[in-house]
Amino acid sequence: MIKIEGLTIHLGSFCLSDLSIEIEEKGFHFLLGPTGGGKTLILESMMGLHKPQKGKIWINDREVQSLPPEKREISYVPQDLALFPHLKVKENILYGIRAKKLNPHTFEEYIQALVRVMKIEPLLERYPAHLSGGEKKRVALLRGLAPKPKLLLLDEPLTGLDPSIKSEIQQLLKTLHTSFHPTILCVTHDFEDAYLLGDKITVFINGKIEQSGTKDDIFLRPGSRRVAEFLGLKNLYRVRVLRPEDSHQRWILGLNGFQFSAPMGGHLSQSEIGEEADLYVRPEEVMILREGKPVKDSLKRNVFGGEIIDISDRGRYHLIHVQATEGNVLFEISIPNYAFRNLGLWVGKRVRIALRDESLWVMK
Amino acid sequence: MEDNEKMNFRYTMIGAAAGIFIFYLGLILSLFYFVGGKGFWEAFLNPYTLFSIQLSLTAATLATFFAVIIGLPSAYALSRFDFKGKNIIDTFLEIPMIVSPIALGASFLVFFNTPLGELIQNKGILFVFEVPGIILAQFATIAGLTTRLMKASLDEISPRYEAVARSLGSSPWQAFYRVTLPLSFRGLLASVILAWAKAFGEFGATVTLAGAMPGKTETMPIAIFTALASANIEKAIVLILILMGFGLLTLYGVRLTGKRYRYD
């Protein structure tokens, strides 16, 4: 386990205070947040470039915050990679093993396996100036992994790549992680990368940790409106808790005269009447009801009428915008292509929509 | 029309560059008007001439050596670290560039008349009108410049290389020696050569502090001055040609080494 405890760093205009992150051994942990928020500063403090004012960094049972970078066993792959231009690829890869005076023979098999997986054999005798962008990235990853660090820090490894190279590196990172199990902390502003690769995600906004958890925790159950907005989630509403329903099994939430019925649980279990909360309606859990078909009992509580005001074909699914008749509430609904074809929808059509209980998520 | 204008522009600019070249070349060629004349070889083989060549080479090399010993760590500090007084140090590096060389030499003469200066002279090394004075004067002239030039070469190397080297297990010394030094070598070497050439041609500070004693403290630039002062044109020309020869060779050397240090 790698732990950051109450880390506080003031440097220039950045002021990060009291950060705590836990990274599981062999985990692929993402630190996700907007660009320019100080994520790189966290990485640089972890590797030892900046001395934190307060806080501890643990690598397993070892406290490393006062150690110099070379004693921490943390490899760092910066965004610009910083491959040593005066060394051949092979020498770049072996740099860590040589600098740490490790026995090269014990690493031979491991390095060969890495070289094979990353398809670096033909590049070994080249200088970095003669590598393509994707090749450079591969070499930098391999150089970082070569001395078997306790933690590998990646700074925006997928930013600024051509789409084809990007997917290649994504796949490679996945393969690397499943075959060699390094513990990785990866910084990115791209939530898709975090979703695709991360098994744990920490969302970091404005110098604060907003939420930490699995990708389902983050993407399906965002902890705050800030997280939801950063993830680009739609259907976020500021609602008021009106009254209990079903002998306190559910709450009625109000928005401009519009009323949702939400099951108790999550943030709602601590709510009181009159309180405000943020409601997220998951676009893929909203149903458009077929005309004339009876509505299941489980859906009856949240059925609304409205008009389709926009339809956009997103390739793999369709996005439908429905304006509810009551309260002028706008819903974005994502439906599979087959459902779109079966329902026969057009802009201006009046429809009824039903919100499944699974579609409702209330945040503090 | 547009093409024509572009060509005119090009010729004007290149013409200016050629003009500078012809200006200097003419100056050098004019020296040869007297070469081979009566007394030329005599002046060339004169033991005092040979002595001043040897003295100039030795003194400039030693002065450069000391300037690098102190200048390289200073340059590194100014390039990589933030510390109190950094700007003041940076400003002081320019002192030899804004103060005239004779003023610099004179300041040394004054210093060696203070109690501390006298102590150094009496108990340590004699500087005034002695060979160490030449080295000191040249060192003073080039130390600031050397530091500045080396700082500029180090600035070009991203500190991230060192950061990565550190994370891979190098101590700060190793990271400097294995990564930053080889990467900035070209620039550092050019700085050293330029510093050497400047020390080699230094006149004002040297003559003020070390005097112009033939066979003792007379470096080439000083010998040129004394030769002219005593109307020994042949000797002056011989020395000027040798001085220029060395200077051009070293400066051209900078460009050659530059070409060899590309990583492909």
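Guide: Chain B has 13 helices and 0 strands. This is a predicted model. Read chain B from the N terminus and the order of elements is α-α-α-α-α-α-α-α-α-α-α-α-α. Its C-alpha atoms fill a box of roughly 75 × 65 × 30 Å along the principal axes. Of its 264 residues, 34% are buried. Take the contacts in chain B between residues at least 6 apart in sequence: 76% of them link residues at least 24 apart.

Two helices of chain B show how such packing looks. Two packed helices are described by the angle between their axes and the distance between the axes. For α6 (101-111) and α8 (131-155) of chain B, the axes come within 10 Å and cross at roughly 125 degrees. The crossing of α6(B) and α8(B) is right-handed. On the α6(B) side, the contact is made by Pro101(B), Leu104(B), Gly105(B) and Phe108(B). Facing them in α8(B) are Leu136(B), Ala137(B), Ala140(B) and Thr141(B). An α-helix has 3.6 residues a turn, so residues three or four places apart point the same way. By class, this contact has 6 nonpolar and 2 polar residues, and no charged ones.

Further along chain B comes α12 (220-229). Its buried residues include Met220(B), Ile222(B), Ala223(B), Ile224(B) and Ala227(B). After α12(B) comes Ala231(B), with a positive phi near 55 degrees.

Chain B also touches chain A. The contact takes 18 residues from chain B and 21 from chain A. On the chain B side, the elements that give two or more residues are α9 (159-167) and α10 (172-200). α9(B) gives the most to that side, 7 residues. By class, the chain B side has 9 nonpolar, 6 polar and 3 charged residues.

The C-alpha atoms of chain A fill a box of roughly 75 × 45 × 35 Å along the principal axes. Buried residues make up 37% of its 364 residues. Contacts in chain A with a separation of 6 or more come to 65% from residues 24 or more positions apart.

One helix pair first. Helices α2 (89-99) and α4 (133-145) of chain A pack at about 30 degrees, with their axes 7 Å apart. The cut-off for roughly parallel is under 35 degrees, so α2(A) is roughly parallel to α4(A). α2(A) brings Val89(A), Asn92(A), Ile93(A), Tyr95(A) and Gly96(A) to the contact. α4(A) answers with Val139(A), Leu142(A) and Arg143(A). The classes are 5 nonpolar, 2 polar and 1 charged.

Strands of a sheet pair through backbone hydrogen bonds, either parallel or antiparallel. This sheet is open and has 6 strands, in the order β6-β7-β8-β3-β9-β10. The pairing is mixed. The edges are β6 (74-77) and β10 (208-213). Each has a single partner strand, so one side of each lacks a neighbour in the sheet. From one strand to the next, the twist averages 15 degrees.

Focus on β9(A), residues 200-205. In the sheet order, β9 stands between β3 and β10. Its two pairings run in opposite senses. With β3 (28-32) of chain A, β9(A) pairs in the parallel sense over 4 bridges. There, Leu31(A) stands opposite Thr202(A) of β9(A). With β10(A), β9(A) runs antiparallel, joined by 5 bridges. In that pairing, Ile201(A) has Gly213(A) of β10(A) as its bridge partner.

β9(A) and β10(A) also form a hairpin, with 2 residues between them. In the turn, Asn206(A) has a positive phi of about 50 degrees.

Cover comes last. β9(A) is mostly covered, with 5 of its 6 residues buried. In a regular strand the side chains alternate between the two faces of the sheet.

Technical notes. Residues numbered from 1 in each chain as written. Chains lettered and ligands numbered in written order. Predicted model: local features only at pLDDT ≥ 70, side-chain atom pairs only at ≥ 80, totals over all residues. Buried ≥ 20, exposed ≤ 12 C-beta atoms within 10 Å, placed from the backbone. Contact = placed C-beta atoms within 7 Å. Nonpolar A, V, L, I, M, F, W, Y, C, P; charged D, E, K, R; others polar. Pairing = 2+ DSSP bridges. Axes fitted to C-alpha atoms, helices over the stretch in contact; angles between N-to-C directions. Left-handed = near helix turned anticlockwise from the far one by under 90°. Parallel < 35°, antiparallel > 145°, perpendicular 65-115°, else oblique.
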